[in-house]
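Have a look at the model first.

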Amino acid sequence: MSLLSIFIVAVAYGSTGGNEILSAGERAWLTQNQPRLVLAVETGYAPFVFIDSKDQPAGLAHDYVRLIESKLGVHFSQTRFSSLDEIFKKVRSGEVHIVNAVTSTPARATFLSMTTPFISVPNVIIVRKEHSGQISESDLTGLKISLVKSYAITEYMTSRGLHFIPDIVPDDLSSLLNVSFGRTDAAIIDLATASYLISEKGIANLRVAGEVAYDVRLSMATHLDDTMLNGILQKGLDAITEPERLEIKERWINAVKPQSVFKDRQFWIVLLGVIAVASVIFAVILAWNRTLRQQIALRKSAEESFKAAFQYSRSLIEASLDPLVVISAEGKITDANTATEKATGVSRDALIGSEFVSYFTDPEKAGEVYREAFSRGSVTDYALSIHHASGRSVDVLYNASVYSDAKGKVLGVFAAARDITERTLSEAAMRQSNAEQTAIFESATSGIAFIKNRVIVKGNRTLDHLFGYEPGEQAGLSTRHWYVDDEAYEVGGTPYAALAHGEIHQREQQLVRKDGTKFWCHFSGSAIEVGNLSRGTVWMLTDVTHEHDTAEALRQAKDAAEAANRAKSQFLANMSHEIRTPLNGVIGNAQLLEMTEPTGEQKEYLSAIMLSGSNLLSLINDILDLSKIEAEKVILENVDFSLRGCFKDVMRSQRSRIANKSLTLKLQVRHEVPDVLVGDELRVKQILLNLLGNAIKFTKEGSITLSAAIKECDSSKALIKLAVTDTGIGIPQAVADDIFKPFVQADSSTTRQYGGSGLGLTISRKLAELMGGSIAVESTEGVGSTFSVLLPFQVVHQVVQEISAPTAEAPTALWTGAPLRILLAEDNQINWQLGKALLKKMGHAVTLAENGREALAALERETFDLVLMDIQMPVMDGEQALAVIREREMRTGAHQQVLALTAYALKGEEEKFLAAGFDGYVSKPLEVKNLVAEMKRVLDSNGADENGSA
């Protein structure tokens with residue numbers, strides 16, 4: 001009796017029909033749709049799918065299709081194509097429904113849904129045999145490489161950034177022939193195809209030189225929208241057993257052999273001649289000794305066969321990692337392998353002759369299984385536990401089959417036990433892990449959805465609650481019901497291409513619940529497998545309606561605040577205009593009256609008028625400055641300036657006030673203080689003027705000291721302390737911090753006694769903070785105060801210049817050149833009377849216009865050296881009139897100098913008017929020196945001077 005005959009274990013997994021594989025819904029769908037389903041057959045992709053010599057589809061992938069058709073009980077109609085490009089085009093158009101052999105790529109995943117791969121073959125580098133050695137991807141630099149158009153490996157290699165020369169060919173055979181004939185250096189092709197073609201075509205001068213790190217992983221594919229069909233194909237693939245898969249692989253891949261010399265006709269001629277000669281020579285010998293040799297040969301063959309069979313059986317039994325035993329009809333162990341010794345902890349010698357059932361934790365059940373094997377001929381996958389000698393147990397799946405003698409008498413049982421202890425533990429751990437994941441999944445505060453092809457496969461309770469559905473009610477539904485309309489649904493589909501490339505998508509979108517109510521939802525999704533959207537995507541959905549509403553409320557509040565700020569700025573601009581217009585008349589007429597040689601008493605009255613007007617203008621300017629700072633419209637400049645020059649200018653501007661009060665002004669600038677700094681000179685002066693002005697205002701007698709010293713310094717930066725110290729009235733300690741608040745002074749009597757808006761210190765502090773500094777005060781009531789300002793500057797190393805003592809300013813000069821022809825456009829009667837009188841005192845000829853239209857008419861009639869244009873006028877304002885003037889100039893090529901006169905004085909007004917085309921800008925109330933200076937600047941910039949037109 002041969003051991004080989006008793007080794008075969010009958011573990012039969014009977015084939016299942018389509019009715020057992022598919023669900024009722026799938027069977028119904030397949031019955032309805034099978035007639036229209038078209039399978040694409042590629043005609044030249046051997047050995048996977050091609051047309052054989054009988055003009056029939058053949059190949060490994062075709063065999064898989066035939067098996068799936070058999071198991072599902074269906075038959076797909078077939079259409080032949082010569083290229084993948086043609087197949088993909090037909091898939092997109094809906095004319096082809098199944099592709100039987102295709103590798104997944106990110107590009108293909110955008111329109112194809114793949115099954116799991118049914119075969120994997122490495123891609124290799126093919127060269128001519130004369131090229132020795134191995135070749136890797138990095139060795140391809142500079143070589144000409146043949147690649148097949150539309151193949152996944154071609155897409156992979158051309159995207160790698162390797163510096164080879166691609167030679168794109170239409171098919172695999174062309175690729176190999178190009179290498180064989182020396183037209184290219186190498187070809188990259190899968191090993192199965194290369195072996196098949198080299199064998200079939202007898203291409204003898206090629207060899208495999210290396211592998212590419214990208215395998216051909218063939219799957220079946222459907223259109224991305226054919227979810228049901230893809231699932232049916234996957235079930236058909238899953239039903240194919242491992243022996244069936246191995247048989248197909250052996251048939252098409254492992255069986256490929258080099259071309260045999262027995263196909264050579266000349267070989268057969270020679271062989272037949274040799275046989276004929278040999279027959280004559282040995283005929284007599286063979287006839288004479290035939291009987292003896294036959295007997296010897298038969299006996300020797302029998303002995304060798306028995307020996308080989310025994311060794312083969314023994315080797316197979318010992319090679320198995322599973323416990324294998326042979327059991328007699330009486331239940332005794334007659335043979336066992338090494339794996340059985342390990343499973344039981346008992347030696348082979350001790351096992352032989354012992355009771356088989358004694359090694360199981362449940363001997364009675366083991367005996368029942370043994371008896372069932374005798375009665376049925378075999379048993380399959382019975383779960384038992386073997387008792388190990390150490391005391392532990394080993395979980396096994398028990399399989400058995402009887403063996404018989406030549407007459408069919410059952411002699412015993414051959415049994416195999418698969419150790420599943422680790423699998424049992426693994427399954428237990430997996431069950432625990434699944435339970436934990438399910439608990440997490442179901443208890444998550446966000447909705448979680450597993451989606452395939454935009455159909456909900458599974459969702460947690462939070463997801464159902466989020467949309468107002470019963471638990472599990474959404475499974476199998478399209479996500480279309482989440483969206484408010486078709487357009488929103490289309491938007492929801494846009495991120496899938498990015499997901500296929502491994503990106504995580506996040507967005508917020510308005511969705512709709514089952515009851516029709518709308519809410520805002522935050523999406524976060526990713527692909528389960530990069531490059532293969534057919535595996536599905538996972539999404540987390542969170543209701544962010546409250547956050548969205550809060551953000552919207554904040555946005556509306558911000559818009560309202562900005563609108564209020566704009567309204568405030570416009571109000572301040574309008575109030576500035578309305579106040580400055582009559583103030584222009586007051587101050588301007590006072591200036592005119594001062595030019596008429598008034599009496600001493602009149603000068604005193606004029607001085608009072610000028611002081612009151614100046615105070616009122618200062619108040620307006622302070623309010624506008626504070627508004628600009630609070631609206632963040634102050635833009636700091638960084639220019640080179642002299643700190644000592646700043647002190648000089650500030651002291652000169654206050655010289656008359658200091659002299660009138662008989663105060664002593666001292667300057668203390670430490671020698672190490674750099675003279676040239678980088679910063680905003682105008683804002684530094686503004687702070688110093690405010691502090692010095694306050695010191696003069698609140699000091700009746702004594703002195704005021706301006707000082708500067710370095711607090712910190714390096715080669716490029718300096719922190720400088722500027723201080724103004726006085727011997728004035730001082731500030732009570734209790735209100736020292738309050739004086740920096742808007743419209744606040746030390747006490748209510750201060751305003752009545754000394755005047756002022758109470759904004760100077762507020763503006764100074766805000767400007768200091770804008771420049772990155774700070775301001776502080778130290779004061780003793782009745783003794784005096786010191787206001788200190790810390791400001792950071794960049795240092796410019798230049799020679800320090802001495803500051804000369806303040807000198808008296810020369811009286812403001814009127815126009816000294818030749819008289820000009822001036823057009824004054826002004827609608828306010830007091831202002832145009834003032835302007836006319838002031839300009840005539842300078843010696844100019846003045847023409848009046850009450851609005852922009854009259855100004856344009858005057859410019860049509862005569863020529864003027866300068867136009868002084870008010871901005872706000874009836875009929876046509878100044879900006880509209882200027883636009884017409886500039887439009888005319890585009891035709892004539894001339895240029896009319898136009899100076900803007902306006903009571904608008906907010907930040908940016910001057911820049912706005914200059915950008916609009918005005919040549920200059922003077923704010924109201926008009927100061928004679930400012931008007932004269934701007935007129936000179938404008939006329940000089942146009943090539944004219946004080947002596948007349950250019």
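Lining the second largest pocket are 29 residues, with M114, T115, N532, S534 and R535 nearest its centre. A pocket here is an open set of points on a 1 Å grid over the protein atoms alone, with protein on both sides within 12 Å along at least five of seven lines, and lining residues have an atom within 4 Å of a point. This is a predicted model, where local features need pLDDT of at least 70, side-chain atom pairs count only at pLDDT 80 or more, and totals for chains, interfaces and linings use all residues. Residues are numbered from 1 along each chain as its sequence is written, and side-chain values use heavy atoms, leaving out hydrogens and water.

**Second largest pocket**
- α9 gives the largest share of this pocket's lining, 6 residues.
- By class, the lining of this pocket has 7 nonpolar, 15 polar and 7 charged residues; Ala, Val, Leu, Ile, Met, Phe, Trp, Tyr, Cys and Pro count as nonpolar, Asp, Glu, Lys and Arg as charged, and the others, Gly among them, as polar.

**Cavities**
- A cavity is a set of points where a 1.4 Å probe fits but cannot get out.
- The largest cavity holds about 170 Å³ of space, a volume being the space filled by probe spheres set on the points, joined across faces, edges and corners.
- Its 19 lining residues include Y45, T103, Y151, A152 and V216, the closest to its centre.
- In the second largest cavity, the lining has 12 nonpolar, 2 polar and no charged residues.

**Helix α7**
- Helices are DSSP runs (H or I, at least four residues), numbered from the N terminus.
- After α7 comes G182, with a positive phi near 80 degrees.

Definitions and conventions: Helix = DSSP H or I, 4+ residues; strand = E, 2+ residues; numbered from the N terminus.
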